Amino acid sequence: MRQLQVHIDSNSGFCFGVIYAIQMAEDLLEEQGYLYCLGDIVHNDEEVERLQQKGLRIINYEALRALRDESVLIRAHGEPPSTYQTALQNNLTLIDASCPVVLKLQNRIKTSFDKKDQIFIYGKHGHAEVLGLLGQTNNEAVVFENLDELLRHELPQNITLYSQTTKSTDNFYRIKNELEMRGYSVDANDTICRQVSNRDKELRRFAQKYDKVIFVSGTKSSNGRVLYQVCKDTNPNTFFVSKVEELNPDWFEPGNTIGVCGATSTPMWLMEEVRNALMAF
């Protein structure tokens, strides 16, 4: 026995938007035994599998277009207007679990687009939330992942800047300031979710406290990749796992202090399973 001292980060785990979507799914699954969900309800395979065992049926856009007279859950990431149009045509009941922060951002982008603003969105290409935001602009807004990519575009003098809700506030304001230094007029709309963006600062403080850190996240989670790197930069003895089976006893020495943390898409039950496995080493 290595007698590891293991602590879970109380700030890690689902953000409120994901908690809301999963609670809604669980309530409906208990009530009717099955439920369609457009895309993975959360970017964590273990949690998705748990809900699938309860009757959750994950579908893509092609399957949605073929579906008739059913109920479909919209996950926290939100959806573009075309999804709602498909639902109307196919007599689908949408159970909308879009995060309120995302819905507010969608509305603001739609208002800007209606005013003919030139919209630029700091976000990840192809991300579910970003596709929903682009849909508010008939896919006319420009999405960029970093300043270099943005500067490759022919930019207008007046730029309306938005951000995916889970991006770094520091990077957002760095981009805004750099554009202004280059002489552009920037209408910067800070719509970043503080519950998510503050995680990096909290994680730095957490990762410093321990000999080793286990970061638990789904491999599909972009938020997970970013936050894992935050931990790794702070504490080089940080290890990434997506499930308990990936833990390696050789990572640890007797009496090590271990911090367990995760992404906004990592369920607390999975972090608890990791803690229990570590304590059994």
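A: Let's start with helix α1 (residues 16-32) and helix α2 (residues 45-53), which in this predicted model pack at an angle of about 20° with their axes 10 Å apart. Angles under 35 degrees count as roughly parallel, so α1 is roughly parallel to α2. As for handedness, α1 passes α2 in a left-handed crossing.

Who touches whom here? On the α1 side you'll find Ile-22, Glu-26 and Leu-29, and they meet Glu-47, Arg-50 and Leu-51 in α2. Sort the residues of that contact by class and you get three nonpolar, three charged and no polar ones.

A search of the whole structure finds one cavity of 30 Å³ or more, and about 310 Å³ of space lies in the largest cavity. Its lining is made of 23 residues, and those nearest the centre are Cys-15, Val-18, His-77, Thr-166 and Thr-264. The helices α1, α5 and α11 each supply at least two residues of this lining, with α1 giving the largest share, three residues. By class, the lining of the largest cavity has 11 nonpolar, 11 polar and one charged residue.

That brings us to α5, one of the helices at the cavity. Helix α5 (residues 100-114) has a partner in helix α6 (residues 128-135): their axes come within 9 Å and cross at roughly 30°. That makes α5 roughly parallel to α6. The crossing of α5 past α6 is right-handed. In this contact, Val-102, Leu-105, Gln-106 and Ile-109 in α5 meet Glu-129, Gly-132 and Leu-133 in α6. These residues divide into four nonpolar, two polar and one charged.

The largest pocket has a volume of about 550 Å³. Of the 23 residues that line the pocket, Tyr-122, Lys-167, Ser-168, Asn-171 and Val-226 are the closest to its centre. The elements giving two or more residues to this lining are α8 (169-181), α9 (194-197), α10 (199-208) and α11 (222-234). Among these, α11 gives the most, with eight residues. The pocket lining as a whole has seven nonpolar, nine polar and seven charged residues.

Methods
Residues are numbered from 1 along each chain as its sequence is written. This is a predicted model: local features need pLDDT of at least 70, side-chain atom pairs count only at pLDDT 80 or more; totals for chains, interfaces and linings use all residues. Side-chain values use heavy atoms; hydrogens and water are left out. Axes are lines fitted to C-alpha atoms, for helices over the stretch in contact, and angles run from 0 to 180 degrees between N-to-C directions. Helices (H or I, at least four residues) and strands (E, at least two) are DSSP runs, numbered from the N terminus. Angles under 35 degrees count as roughly parallel, over 145 as roughly antiparallel, 65 to 115 as roughly perpendicular and the rest as oblique. A crossing is left-handed if the near helix is turned anticlockwise from the far one by less than a right angle, and right-handed if clockwise. Contact means heavy atoms within 4.5 Å. Ala, Val, Leu, Ile, Met, Phe, Trp, Tyr, Cys and Pro count as nonpolar, Asp, Glu, Lys and Arg as charged, and the others, Gly among them, as polar. On a 1 Å grid over the protein atoms alone, a cavity is a set of points where a 1.4 Å probe fits but cannot get out, and a pocket is an open set with protein on both sides within 12 Å along at least five of seven lines; lining residues have an atom within 4 Å of a point. Grid points are joined across faces, edges and corners, and a volume is the space filled by probe spheres set on the points.
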